[in-house]
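Have the structure open while you read.

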Amino acid sequence: MRAMRFLLLIAMVVSLSHHVLGHASTARLENIADTRISDKDAAVLVQRFEQWASAELRKMEPVGELYLQPDSGGKETDSYSWGRLVLVSDGDKDRLVNRLPPHIEELLSPDPQFDARRYVLHFVRHDSVNGIPVSIYETHPRGGYDGFEGQVALDQQGFVWQYVGSRHAVDSFLTRWSGQWRRRRFVYSGWRARLHGGSIYTTDVFIQQVAAPNNPPEFSRRGRMRLWNYGKTRAEQARAELQVVEGIERPRRWALGPSADENERHWMRDVENYVLEVLTRDGYLAPEGTFETRSCAQVISNLLAVTRPSEAFDPPVRCRVLLSSRLDLRLLGHTILISVGSLDTAGDEATVATILAHGLAEIVTKPTPITPKVAFAKRPALELLAALETKADNEEAVNKEALVLLSKSLYSSKLEQAGLFLDGLNDVTPRLSSLVPPTFVDHVGDTAGILRQSEWMRRRPVYDPLRQGHFSALPLGSRMALNRETNQVDLLRAPLVPMLGKSFGVVPPYPYSSDGDLGGAAAPRAAAN
Ligand SMILES: [Zn+2]
């Protein structure tokens, strides 16, 4: 009751301020200070918001990934998971296979069971999160309650846009998930965005392990969680799944009388399209957009401009983007699937071209029949994806072919950075085997040195991850923008900034307040400075 009266009061003050003070910005600032929400009322607002936010989240079925990596040194390795965030129980096998680990939702809120009576809040200061004026409150659990110790950013309407702090439930989850047995301490920081017609969802969480009696500071870890696929509700997603399975058009072209060879190619394309449709619908693959049809296709056409090995590339090679931060390159007939992580960390376009050249060379040297495993089989998306993984085999021949493509392309004079990237892959894969899996390095990493010993890469600087001014790869999140509603990707316009010792590393994400900010090629980065 009190809270209702209080909200009404805020609404009045805000509307008044519009009438009376609408033009004077200095007066408005004072006004914000005047309407400071009392500590007690702030706790009630946070409770209401967190309850509302978790109810809204239950209506959705976002796809997400969690990644945690050790800082250099130590013997620990990294950990990675991706899949759907499933918060409503049902017996569907596909959902079980494709889901993120249980309790991962603990990261998406300061406290999913936030109860105002169990917290003491203290106003700290006025601030802004991505242009939205907010008040920062410190939160302390009351008595023995095992709650969130940290800060929340609350705006005048009672929305919590950001939180940073620690909670034992999160420590336990991350410790267990990353295979440790003594509980580690973590600070986690979540950013929220307004998506799907007005609701507010957590889209990015940054994680930093902090020193505690159990874990000395030299074994520090950093990680992040990203969520997307907020375009459809759970119900809409389920309907779309039925449609693909029942409504898929089976090829019937053989009745029309083309050659057996054409029939074979049509069949392959149909299978490709089917798998692409399932992976896109389930949120693991970006839909075809300007990045795929322009930027990526341009690199492929640059590689094939001179050497156009005729028949191997009919139908033409396409490119699609896997939404995973893990470095990945898979082939599905004549479609190359490259991951956001590969594009993000590649230091320049010639490096992207080097990765794609491997895919093209695979198509030329190993004509890949589409396996019966994926042909119109109704299988969970992540199983379909796993079926596309191939063991490295005869990679010398593949790399020689890739080198032919690269050396005759416009990239030939710019391959030194690509050589350093290959050095970096081979160096970090033992420590970061989740992010840079051996299956990727065995294919793309040029382990036999055929590319790196060639005249085009030989003059690269000596690989040294800690030398100032040298880098092998960019940190995660450096190059690609992801729209959290449509799952579309595009290039960020910001300059690419290598960071010392942060090749393939995790850096804090940038806050986005609404989907509008993520649209197109111009995701904002200026806020960071
Ligand atoms: Zn290969």
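## A helix pair

Let's start with two helices: α10 (residues 349–365) and α13 (residues 416–428) have axes that come within 8 Å and cross at roughly 60°. Bear in mind that this is a predicted model. Angles of 65 to 115 degrees would count as roughly perpendicular, and α10 and α13 are therefore oblique to each other. Their crossing is right-handed.

Who does the touching? On the α10 side the contact uses Ala 350, Thr 351 and Thr 354, and α13 brings Gln 417, Ala 418 and Phe 421. Sorted by class, the contact of α10 with α13 has 3 nonpolar residues, 3 polar ones and no charged ones.

## The nine-stranded sheet

Next up is an open sheet of 9 strands, with antiparallel pairing and the order β2-β1-β9-β8-β7-β6-β5-β4-β3. The edges belong to β2 (79–84) and β3 (119–129); each has a single partner strand, so one side of each is left without a neighbour in the sheet. Going from one strand to the next, the twist averages 15°.

Inside the sheet, β7 (residues 185–195) and β8 (residues 199–210) run antiparallel and are joined by 11 bridges. To find your place there, look for Val 187, which stands opposite Gln 208 in β8.

## Helices on the sheet

Helix α3 (residues 39–58) packs on this sheet. The strands it touches are β3, β4 (132–141), β5 (149–155), β6 (160–166) and β8, and the direction of α3 makes about 75° with that of β3.

Helix α5 (residues 168–177) lies across β1 (63–70), β2, β6, β7 and β8. Relative to β7, α5 runs at about 105°.

## Strand β1, covered on both faces

Is β1 buried or exposed? Of its 8 residues, 8 are buried, so β1 is largely enclosed by the rest of the structure. In a regular strand, side chains alternate between the two faces of the sheet. For β1, both faces are covered: one side has Val 63, Glu 65, Tyr 67 and Gln 69, the other Gly 64, Leu 66, Leu 68 and Pro 70, and all are buried.

Now for the neighbours of β1. With β2 it pairs in the antiparallel sense over 6 bridges, and Gly 64 has Gly 83 in β2 as its bridge partner. With β9 (residues 221–228), β1 also runs antiparallel, joined by 8 bridges; here Leu 68 stands opposite Gly 223.

Which strands pair with β12? One is β10 (residues 318–322), which runs parallel to β12 and is joined to it by 5 bridges; Val 321 has Ile 338 as its bridge partner in β12. Another is β11 (residues 329–332), which pairs with β12 in the antiparallel sense over 4 bridges, with Leu 332 partnered by Thr 335. The hairpin of β11 and β12 has 2 residues between the strands, and in it Gly 333 takes a positive phi near 60°.

Definitions and conventions:
Residues are numbered from 1 along each chain as its sequence is written. This is a predicted model: local features need pLDDT of at least 70, side-chain atom pairs count only at pLDDT 80 or more; totals for chains, interfaces and linings use all residues. Axes are lines fitted to C-alpha atoms, for helices over the stretch in contact, and angles run from 0 to 180 degrees between N-to-C directions. Angles under 35 degrees count as roughly parallel, over 145 as roughly antiparallel, 65 to 115 as roughly perpendicular and the rest as oblique. A crossing is left-handed if the near helix is turned anticlockwise from the far one by less than a right angle, and right-handed if clockwise. Two residues are in contact if their C-beta atoms, placed from the backbone, lie within 7 Å. Ala, Val, Leu, Ile, Met, Phe, Trp, Tyr, Cys and Pro count as nonpolar, Asp, Glu, Lys and Arg as charged, and the others, Gly among them, as polar. Two strands pair if DSSP finds at least two bridges between them. A residue is buried if 20 or more other C-beta atoms lie within 10 Å of its own, exposed if 12 or fewer, and partly exposed in between; C-beta atoms are placed from the backbone.
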